[in-house]
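The tour begins with the whole chain and then moves to single residues.

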Amino acid sequence: RCCKELELRLFARNGSIVATEFNSVSIREERAFLVNAEGLYNSDEARHAAFVGTQGVARDVTDRKRAEEELHATQAQLRYKTQELEAAYQRLKAKEKDLCKAHKELRGSEEHFRSLVENAPDGIVVIAPDGTIHYESPSVERILGYRPEDKVGTNALDSVHPDDESAVLETMRKCSENVGAS
């Protein structure tokens, strides 16, 4: 008859500890039968039979125990890493949502300012540090008679009266020195 296994740690001759699964067989009146780890017998008859001795079988399960411990440690690490990844994923989702919202707001803002610039009564010009015109608003045509696309890519000083050229150059120099200043 089967019994429940008892897990024991036994000392080896070299002092190391050996993990075992231990089964014992109680020997009574020339009959042998298994008992479980708590010493419970399988029948009332067995309880009253004369005890002769015990026979035990121990199986070395050290490697299995070590593998189980490694498995549990690996599972714990995996759970921790999974939680970290889930948290990172949630942060990325939140950032993506924020970026989408910011992109939408930026697009709306760009459209709003483009509308303001393109419909402003004043001429608006974007000039590179070397004097090249990068953008002119449509109102430049009303003010100077040039279509904006006619002047883009040309030097802004080409349209400035020679007497005013030094003042424009000085203003451009000061502007380039104060980039980002309020």
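Follow the chain from the N terminus and the elements run β-β-β-α-β-α-β-β-α-α-α.

This is a predicted model, in which local features need pLDDT of at least 70 and side-chain atom pairs count only at pLDDT 80 or more, while totals for chains, interfaces and linings use all residues. Residues are numbered from 1 along each chain as its sequence is written, and side-chain values use heavy atoms, with hydrogens and water left out.

Of the 182 residues of the protein, 16% count as buried, meaning under 20% relative accessible area with a 1.4 Å probe, protein chains only.

Next, select V140, in helix α3 (residues 139–144). V140 counts as buried because its relative accessibility is 3%. Which residues does V140 touch, not counting those up to four places away in sequence? They are G123, I124, V125, G145 and Y146, where contact means heavy atoms within 4.5 Å.

From V140, go to its contact Y146. K151 lies over the face of Y146, at 4.5 Å from the ring centre. A charge sits over a ring if NZ of Lys or CZ of Arg is within 6 Å of the ring centre and within 35 degrees of the ring normal.

Terms used:
Helix = DSSP H or I, 4+ residues; strand = E, 2+ residues; numbered from the N terminus. Buried < 20%, exposed > 50% of the residue type's maximum accessible area, 1.4 Å probe, protein only.
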